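Colleague: I would like to learn how to read side-chain features in a model like this one. Could you walk me through it, a feature at a time?

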Amino acid sequence: MAALLRGLRAGRALRGLGSVVATPTATTPQCSSLRRGFHCAALRLQDESKSDKPPSSSSTTYHEHYQAHSTEQDTTAASQEDSASDPAAETASGPNTSYQDQSGEQGEEYETEEQLQARILTAALEFVPQHGWSMEAIAAGAETLGLSSASTGMFYNGAGDLVLHFITHCNSQLTEILAEQHKQVQLGQAEPKETADFLRDAIETRLRMYIPYIETWPQAMSILLLPHNIPDSLKHLSTLVDDIWYYAGDRSTDMNWYTKRAALTGIYNTTELVMVQDSSPDFQDTWNFLDNRIQDVVNMATTAKQVECVVSLKNLTGLNQRR
Amino acid sequence: MAASMRLLVKRVIRLSHRNFNATAAGVSGRSGCCWGTASCRCFSDDRSTHFGFETVPEAEKAKRVYKVFENVAQKYDIMNDAMSLGIHRLWKDSLLHVMNPQPGAQLLDVAGGTGDIAFRFLEYVRSQQERQRRRSARSMQTPSWKDISNNYSTEEEERPQESKAVVCDINKEMLKVGKQKGDSMGISAGLSWVVGDAEELPFDDDQFDIYTIAFGIRNVTHIDQALQEALRVLKPGGRFLCLEFSKVTNPVLARLYDAYSFQMIPVLGEVIAGDWKSYQYLVESIRKFPDQEAFKHMIEDAGFYCVQYYSFTGGVVAIHSGFKL
């Protein structure tokens, strides 16, 4: 009992040291993952430490941290638990998902809260067709991971968190696919595509990711339009469009940058809307619509170049000058 | 004065013994002791803690708290309404909103006394289940034959777990009042009343989804022990919620609040419940409780993650929430 409480004091001192190291790194407002790592080490020391020497609790500066840390390692070495010092040293380097020789549950503690939340949301996705984009789906997902449904309280934005997580996941998948294609072209193993075709294929790939959830996708779209979700959803949309244009080879630095992205955003959003009410086999209508829209934009670009009054207008208003 | 002299003498005598138990008790006494004031520093084993603004031995605090609540049990709810002008209902409703329990959740309400939180929990979960049932019925307006036959086959296995609420309190009088209230409201299904000490809960590990303690934790002698017990009985992923009086940050409001607490509340206590001292203890114990940030650190120390607090009514009460991950 006494050792337990002394260990508590040791834990508190370690936490104090830990918070000094943690401040330089970026932390989320609610949970500091590095502190969690230290806290876990402190917990383990509290459980297993049999030594009577408490560490120097007065040191709070960054330099003294290393000395205190080494004394802590001495005490743990002296306390017959050699495995404790390894995690203690490892947590100093930062949050990680190391699975030590401890049991699997203690390896779990090294996972940050964000990673756990991501896992819960990924598990929740398979319940979306049944429950929709809602807290019930997240609760069902948490239960498959063995956590109680009360852990859904971690998601302050509820369904919005789930939808945004899914969008992020789709975007990163698309970026991987485009990067892979780009590599193929660089290696000469594939032909570079026409811009129009490239855009068409990219958008089709991206929209096909919605097919498993197409029944409930209108609900997801409405969630994304809620005022507190609009900044995040706009951010994801803009990064998506930017990525597609980048891999399409756009390196423009003038007004074209904006017009291209605006055009593609319009195409993407309208195609998405067509898709949610499309009932043709394999969404063929949607792809036809997409083809037509891209063709429209291409035509508009070529006619704009051909029409002379546009050039003189641009000269008059100074849009042609290099600034 | 004489009491504090006696404590000093005891401390001097015990210092000379210097056994490990003494230092351990001193540390635990410090954790239960008032934060900041030095009326009982560690090193000593007099194991004293605060009872309002008084300093009492730890063993005595539990007994005195028991007596306080035994006296006020009958008039507890009326006094709550009178003292907080009914706002305590809004605070408890906010606790439920923060909790947002899913159907099938198991609640443990410690220091639940007259059962306010448990009743609200059951109502919330039942209305959620109603909503879900209505939603699924709406989507099943024209079921195909396949759907109907599926329903027949899944009805046995799919029985979702009913939510249960367990109200645990150390004080039998409070539980009696709560049971009467429950019976008169007609809520008895899924509710159980257990006598138990927050520092040593009579439950197995990993039992409950949600652990709440509303306006009870400041009466516990060893708060960290209560937090450890909470961690123990919660399932992995379970949530700890604490609704408690806290520090008012706004100085103007703080002055008004202090004046109201110390002038009005004991008077109300005397007039309505006939008990000045219990309500004097109540307002003093509020002042002794750590503020939002300090309590948040205590919860994190106990091993909870993603600890957050929400202040209400300018800091008069705060809801702390933590997860067992």
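Modeller: Gladly, and let us begin with salt bridges: the term is used here for a side-chain nitrogen of Lys or Arg within 4 Å of a carboxyl oxygen of Asp or Glu. Keep in mind that this is a predicted model. By this rule, B:R232 forms a salt bridge with B:E229, with the closest N and O atoms 3.0 Å apart.

Colleague: Where do B:R232 and B:E229 lie?

Modeller: Both belong to helix α9 (residues 223–233) of chain B, three residues apart, about one turn of the helix. The general idea is that an α-helix has 3.6 residues a turn, so residues three or four places apart point the same way.

Colleague: Is B:E229 buried or exposed?

Modeller: Buried means under 20% relative accessible area. B:E229 has 12%, so this residue is buried, while B:R232, with 25%, is partly exposed.

Colleague: What about a pair four residues apart in a helix?

Modeller: Look at A:R208 and A:E204 in helix α10 (residues 195–208) of chain A: being four residues apart, they are separated by about one helical turn. Their side chains meet in a salt bridge (3.1 Å, N to O). A:R208 counts as partly exposed because its relative accessibility is 29%, whereas A:E204, at 14%, counts as buried. Both belong to a network of salt bridges that also links A:K193, A:R200, A:D201, A:D282 and A:D291.

Colleague: How many salt bridges are there over all chains?

Modeller: The count comes to 27.

Colleague: Now for rings. How is a pair of aromatic rings described?

Modeller: By the distance of the centres and the angle of the planes. The structure holds 20 aromatic pairs over all chains. One of them, B:F203 with B:F208, is edge-to-face, at 5.2 Å centre to centre and 85 degrees between the planes. Both B:F203 and B:F208 are buried. B:Y211 and B:F240, by contrast, form a stacked pair, with 5.5 Å between centres and 25 degrees between planes. That pair links distant parts of the chain: B:Y211 is in strand β6 (residues 208–214) of chain B and B:F240 in strand β7 (residues 234–245), 29 residues apart. B:Y211 and B:F240 are buried. In chain A, ring pairs link A:W133, A:F166, A:Y210, A:Y213 and A:W217 into a cluster.

Colleague: What does B:S321 touch?

Modeller: Leaving out residues up to four places away in sequence, B:S321 touches B:R239, B:F240, B:L241, B:C306, B:V307 and B:Q308. Its side chain makes a polar contact with that of B:R239 (3.0 Å). B:S321 lies in strand β9 (residues 317–323) of chain B and counts as buried because its relative accessibility is 1%.

How values were computed. Residues numbered from 1 in each chain as written. Chains lettered and ligands numbered in written order. Predicted model: local features only at pLDDT ≥ 70, side-chain atom pairs only at ≥ 80, totals over all residues. Heavy atoms only, no water. Helix = DSSP H or I, 4+ residues; strand = E, 2+ residues; numbered from the N terminus. Buried < 20%, exposed > 50% of the residue type's maximum accessible area, 1.4 Å probe, protein only. Polar contact = N/O pair within 3.5 Å; in protein donor to acceptor, adjacent residues only side chain to side chain. Contact = heavy atoms within 4.5 Å. Phe/Tyr/Trp six-rings, centres within 6.5 Å; stacked < 30°, edge-to-face > 60°.
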